[in-house]
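Have the sequence and the 3D view open as you read.

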Amino acid sequence: MARGRFVSIEGGEGAGKSTQVRRLATTLAARGIEAIVTREPGGSEGAEAIRALLMQGAINRWSAHGETLLFAAARADHVEKVIQPALGIGRWVLCDRFIDSTRAYQGVAGGIDDAAILALHAFGSRGLLPDRTLVLDVPRAVGAARALARDGGAGDRFAVRGTVFHDDVAAAFRRFASAEPDRVRMIDAGRDVDTVTAALLAELADLLP
Ligand code: TMP
């Protein structure tokens with residue numbers, strides 16, 4: 001049986017990732033492709049417990065290094081318990097955020113060395129990389145307004161960081177797309193939802209059976 005495909009969806013706050021991940025799963029299902037939808041941090045029982053530690057509490061609850069280790073630990077559990085087993089039985093996996101979020105948020109915006117993040121990933125998750133990473137790109141002001149409408153200003157420990165932090169995150173994703181154009185694709189997510197879903201599917205064309 002062919003291994004399933006692993007697709008991660010990335011982007012800043014309010015880019016519409018969770019909506020588009022669901023829509024993409026429905027679109028793939030209509031083409032006979034069974035996909036599981038999952039998310040990070042979280043996606044397995046252990047990783048969801050770590051998510052609560054990471055998302056709630058004071059902004060400085062964790063040191064930058066501690067936070068990076070927690071994301072890596074959550075991911076290791078998620079990969080071993082959910083992602084690899086699904087790929088192994090031929091399912092596609094659509095994951096709302098993955099390693100590139102750690103490289104953007106803890107790495108570029110948070111000051112942790114990219115090589116250290118990748119070394120943790122090699123140890124925790126055997127260095128698993130998505131077959132394709134789709135980055136939903138919206139102007140910062142649009143993303144901030146959407147996130148505010150959704151959370152009513154009560155964002156998590158990351159959403160509440162300042163403009164400079166989030167501009168660094170956005171720039172990081174663009175840099176990853178330039179560095180790895182085969183894997184990482186930028187999608188203009190400021191358009192209507194149907195257009196964005198069609199654009200996501202188009203970026204998966206070469207992976208479809
Ligand atoms: P979200 O998925 O609802 O956007 O919330 C997850 C938050 O966690 C988001 O602000 C980005 C942040 N995050 C990191 O900082 N590093 C990571 O590795 C992941 C997966 C998420």
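This is a predicted model: local features need pLDDT of at least 70, side-chain atom pairs count only at pLDDT 80 or more; totals for chains, interfaces and linings use all residues.

## The sheet

Let's begin with E2 and E3, two parallel strands joined by five bridges. Within this pair, Val37 has Leu94 in E3 as its bridge partner. Zoom out and you'll see an open sheet of five strands, ordered E2-E3-E1-E4-E5, with parallel pairing.

## Strand E1

Now look at E1, which covers residues 6-11. On one side, E1 runs parallel to strand E3 (residues 92-96), with four bridges joining them. E1 also pairs with strand E4 (residues 132-137), again in the parallel sense, over five bridges. Ile9 is a handy landmark here: it stands opposite Asp96 in E3 and opposite Leu134 in E4.

How many of the six residues of E1 are buried? Six of the six are, so the strand is largely enclosed by the rest of the structure. In a regular strand, side chains alternate between the two faces of the sheet. Here, Phe6, Ser8 and Glu10 point one way, while Val7, Ile9 and Gly11 point the other way, and all of them are buried.

In soluble globular proteins, nonpolar side chains tend to be buried together. The largest nonpolar core in this model has 22 residues, and the ones touching the most other members are Leu24, Leu28, Trp92 and Leu136. At least two residues of this core come from each of E1, helix H1 (17-30), E3, E4 and helix H8 (193-202). There is also a second, separate core of 19 residues, with Met55, Ala104, Phe158 and Val169 among them.

Setting aside neighbours within four places in sequence, Leu136 is in contact with a list of residues including Ile9, Glu10, Gly11, Gly12, Lys17 and Gln20. Ile187, Ala189, Val196 and Leu200 are also among its contacts.

## H1 against H8

Helices H1 and H8 pack at an angle of about 60°, and their axes are 10 Å apart. Their crossing is right-handed. From H1, the residues involved are Gln20, Arg23, Leu24, Thr27 and Leu28, which meet Val193, Asp194, Val196, Thr197, Leu200 and Leu201 in H8. By class, the residues of this contact split into six nonpolar, three polar and two charged.

Which residues of H8 are buried? They are Val196, Thr197, Ala199, Leu200 and Leu201. Their cover includes H1, E4 and strand E5 (184-188).

## His78 in H3

His78 lies in helix H3 (residues 64-88). Is His78 buried or exposed? With a relative accessible area of 0%, His78 is buried. Apart from its neighbours within four places in sequence, His78 is in contact with Thr38, Arg39, Glu40, Gly42, Gly43, Ser44, Ala47, Ile83 and Cys95.

## H4, H5 and Val108

H4 and helix H5 (residues 114-125) have axes that come within 10 Å and cross at roughly 145°. The crossing is right-handed. On the H4 side, the contact is made by Ile99, Thr102, Arg103, Gln106 and Gly107, and on the H5 side by Asp114, Ile117, Leu118 and His121. Sorted by class, that gives three nonpolar, four polar and two charged residues.

Val108 also belongs to helix H4 (residues 99-108). Its relative accessible area is 29%, so Val108 counts as partly exposed. Leaving out neighbours within four places in sequence, Val108 is in contact with Arg103, Asp168, Ala172, Arg175 and Phe176. For a sense of distance, Val108 and Arg132 are 24 residues apart in sequence and 21 Å apart in space, C-alpha to C-alpha.

Methods: Residues are numbered from 1 along each chain as its sequence is written. Side-chain values use heavy atoms; hydrogens and water are left out. Buried means under 20% relative accessible area, exposed over 50%, partly exposed in between (1.4 Å probe, protein chains only). Two strands pair if DSSP finds at least two bridges between them. Contact means heavy atoms within 4.5 Å. A nonpolar core is a set of buried Ala, Val, Leu, Ile, Met, Phe, Trp, Tyr and Cys residues joined through side-chain atoms within 4.5 Å. Axes are lines fitted to C-alpha atoms, for helices over the stretch in contact, and angles run from 0 to 180 degrees between N-to-C directions. A crossing is left-handed if the near helix is turned anticlockwise from the far one by less than a right angle, and right-handed if clockwise. Ala, Val, Leu, Ile, Met, Phe, Trp, Tyr, Cys and Pro count as nonpolar, Asp, Glu, Lys and Arg as charged, and the others, Gly among them, as polar.
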